[in-house]
Amino acid sequence: MKNILFFSIFLVSSFCFSQEFYQVKTISNYQKLIEDFEKDSANVIYSLNKSELDNIVKQSHKKYTLIHNFAVWCAPCVEGLPEFINFRNEMKDEVLFLLLTMDKNKSAYLTNAHEDFEKKYNVKYPTFNISDEYAKGKKKKYNHFVQLIVPNHKDYGMGISILIRNEDQKVLYASTYKETEEEILEKIKEVVN
């Protein structure tokens, strides 16, 4: 019995550790990145820090940038993502949509997100993972990054959205965990329209 148990544990752990995890890419060409957004032809997850976010917003020809946070392990995020993707498709001419994750680079969650974006959600445009430079834990990394964009924002949580006016990089709206996806999208549409 011990041998069977040991062999089972060995087999499962070998499978888990032999899985190849997704490696985030580094942004090397902002102009190509913006073109990939337009063409819907690049299912790539890039690492993102604050200065890279600022460069994307500056390079964009759109009026607004919408950052939407997502995680494959967050049930409300998974449930609400299709609505945000539909919004992105409707407002593609006005709004640059940045889908943001916060998982550790080379993690199973990031690998699952990369696969789900294309297979489940038909996302064929660049997405982003918060750079590991901000902290080791997901929550700390996410909290730090949000505070850089929206200082003193207290009621944020998973699935929040941040709307930025590109011309002056001003945050026009930052949702909270207390709002439903319908309320968030309604408020964003009020600002954009």
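Predicted model: local features only at pLDDT ≥ 70, side-chain atom pairs only at ≥ 80, totals over all residues.
Student: Is E183 buried, partly exposed or exposed?

Tutor: E183 has its place in helix α7 and belongs to the negative patch. Buried means under 20% relative accessible area and exposed means over 50%, with partly exposed in between. The relative accessible area of E183 is 38%, so E183 is partly exposed.

Student: In which sense do β5 and β6 pair, parallel or antiparallel?

Tutor: Strand β5 covers residues 161-165 and strand β6 covers residues 170-174. I164 stands opposite V171 in β6. The two strands pair over four bridges, and the sense is antiparallel.

Student: Which residue in the hairpin of β5 and β6 takes a positive phi?

Tutor: The hairpin has four residues between the strands. A phi near 55° is found there, and the residue that takes this value is Q169.

Student: Where does D40 lie, and what is its phi?

Tutor: D40 lies in the loop between α2 (30-39) and β1 (45-48). Its relative accessible area is 26%, which falls between the 20% and 50% limits, so D40 is partly exposed. D40 is not a glycine, yet its phi is positive, at about 50°.

Student: What is the phi of K106?

Tutor: K106 is placed in the loop between β3 and α5. K106 is a residue other than glycine with a positive phi, near 60°.

Student: K104 lies in the loop between β3 and α5; is K104 buried or exposed?

Tutor: The loop that holds K104 runs between β3 (95-101) and α5 (108-119). Exposed requires a relative accessible area over 50%. K104 has 55%, so its class is exposed.

Student: How many Å apart in space are K104 and Q23?

Tutor: In sequence, K104 and Q23 are 81 residues apart. The distance in space is taken from C-alpha to C-alpha. For K104 and Q23 that distance is 9.8 Å.

Definitions and conventions: Residues numbered from 1 in each chain as written. Heavy atoms only, no water. Patch = residues over 30% accessible without salt bridge, like charges linked within 9 Å, V, L, I, M, F, W, Y side chains within 5 Å. Areas by Shrake-Rupley, 256 points an atom, 1.4 Å probe, with all protein chains shown as cover. Salt bridge = Lys/Arg side-chain N within 4 Å of Asp/Glu carboxyl O. Lys, Arg positive; Asp, Glu negative; His and termini not counted. Charge placed at Lys NZ, Arg CZ, Asp CG, Glu CD. Buried < 20%, exposed > 50% of the residue type's maximum accessible area, 1.4 Å probe, protein only. Pairing = 2+ DSSP bridges.
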